[in-house]
Amino acid sequence: MAKVKKAPRPKAQTPKGFRDYFGPEVTERAEMLEAIAGVYHRYGFDALESSAVETVEALGKFLPDVDRPNEGVFAWQDEDESWMALRYDLTAPLARVYAQHRNDLPLPYRRYAMGPVWRNEKPGPGRFRQFYQCDADTVGAASVAADAEICAMLADTLEVVGIPRGDYLVRVNNRKVLNGVLETMGLEDDAQRDAVLRTIDKFDKVGEAGVRELLGKGRLDASGAYIDGVGLSDAQAEPVLNFVLSKKIVLDRIENELGGYKDNTTAEYERLAQVWSVERGPDRQGGLRHTLESGQILLRRTLGFLNELVGASDTGREGVQELREIADLLLAQGYGPDRIVIDPSVVRGLGYYTGPVFEAELTFEIFDEKGRKRQFGSVAGGGRYDDLVKRFTGQAVPATGVSIGVDRLLAALREKGRSGGTVQGPVVVTVMDRDRMADYQAMVAELRNAGIRAEVYLGNPKNFGNQLKYADKRSSPVAVIEGGDEKDRGVLQIKDLVLGAKLAESASLEEWKERPSQYEVARGDLVAKVREILNQWA
């Protein structure tokens, strides 16, 4: 009889493109989500938890990674032969939810949602196939007041989670302005328009020269492969580039104007000089130190230039007017150019959105893996998408929203030293006599009932040193010890593990050497003494 082969043991490894999250990371994320939810709730948004699985039809347009199975989603065929997929974002499920329950929901419907999403994309450094998103959307409000509110809420959210004013900027653009530019150019072919949108979306990667080449005949990429261009003439490509480079062109004009002043003491010169200094001077801050007056000058000139670009296009002029209204609404609420600015260089996502587009950028510098300084970059984005619900209802339903990349935001806080520290573990009640487990469980119950996180050591109690090593691995702040002698005398030993660790690291510091790291207290003072130690390290 042939010997039956044993099945090989499975490999203990996470699937490619996924990762495991342990206690401190999970705690950090939960605390951040709670803080963000608090802001959203304060703005009047209601929580929504929709299914993680949607029908392929409901998800609609897939992701652009078309060389992956099912074009970027994790999908499977159900027993009734219908196709199901894990959600790849939180917006497509919202459209389905609203279309399905619209008769029971208020209009406008304001909701926020938080949770994991899954994308069947090629993983890379810092790019995973499962990650968290945190969205807030308003469905059913056509007014740009809804867009302005989202921008204000985004600014407030960043500050609440620990990004101070001066370390971020919310930038706002409008898809309608670009549509107006394309109309003025006479570009009516939808395929060519879409190609233009995809091309300028690459501005951050290939720069002005690269976009210029891609709008024309094409270019060689870094691998040496030739990428076909859109096929615009130089004259056609110029207005598109002028739109993307609007802020640069406006600042060039201001710089030229400053050079033409004969009297450098006039108030107008000083106002223009302040705009130039903030944006281009040696201490430039990208708009973060604009006075209200100089910020208004830059806004007024930027909107004026955009009106030049869109010419007689009604769509384009409507887009410029919407940007002006958003700026006015935000200013009325106290959100000036130090927090939110109109910036036509925001081009990411213009192919998806139908109106205002916004992006939150962190402006502080970090060092990359090669030791080079760079700005941290974007952590959130959103805009108006008035056509999404129409797929289900056949009727246009206005909608606007924002999505925050939770993992990126956590990474930013770690870079600034505002997150990523050791999460305090539980108080550990050690076990000196396994026959007295009931006594130790009574102690831990007292601590828990007082709101103190605590546990009894449940390993082998034979080696007391191992119990303290366990407490150290758990980042425990306090260990409670009661042997037979302490039991007979009605006392406990309370060991301050945080102080003990500091003494071990810096034994020369007199301020700590003089403090006891272990206390003997009456059994009845257990909770009071533990709380006292915890408070001093809070």
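This report covers aromatic ring pairs and charge-over-ring contacts in a predicted model.

## Aromatic pairs

A pair of aromatic rings is described by the distance of the centres and the angle of the planes. The count for this model comes to 5 aromatic pairs.

Tyr-40 and Tyr-112 make a tilted pair, with 5.7 Å centre to centre and 55° between the planes. Tyr-40 and Tyr-112 are both buried.

## The pair at helix 16

Tyr-457 and Tyr-470 are arranged edge-to-face, at 5.3 Å centre to centre and with 65° between the planes. Tyr-457 is in the loop between strand 15 (454-456) and helix 16 (464-473), while Tyr-470 is in helix 16 itself, so the pair ties together parts that are 13 residues apart in sequence.

Are the two residues buried or partly exposed? Tyr-457 has 10% relative accessibility and counts as buried, because the cut-off for buried is under 20%. Tyr-470 has a relative accessible area of 29% and is partly exposed, because that class lies between the 20% and 50% limits.

## Aromatic cluster

One aromatic cluster is formed by Tyr-352, Tyr-353 and Tyr-385.

## Charges over rings

Two contacts place a charged side chain over an aromatic ring. The charged end of Arg-110 is over the ring of Phe-45, 4.6 Å from the ring centre. Lys-529 lies over the face of Tyr-519, and its distance from the ring centre is 3.8 Å.

Definitions and conventions: Residues are numbered from 1 along each chain as its sequence is written. This is a predicted model: local features need pLDDT of at least 70, side-chain atom pairs count only at pLDDT 80 or more; totals for chains, interfaces and linings use all residues. Side-chain values use heavy atoms; hydrogens and water are left out. Rings of Phe, Tyr and Trp (its six-membered ring) pair if their centres lie within 6.5 Å; planes under 30 degrees apart count as stacked, over 60 as edge-to-face and the rest as tilted. Buried means under 20% relative accessible area, exposed over 50%, partly exposed in between (1.4 Å probe, protein chains only). Helices (H or I, at least four residues) and strands (E, at least two) are DSSP runs, numbered from the N terminus. A charge sits over a ring if NZ of Lys or CZ of Arg is within 6 Å of the ring centre and within 35 degrees of the ring normal.
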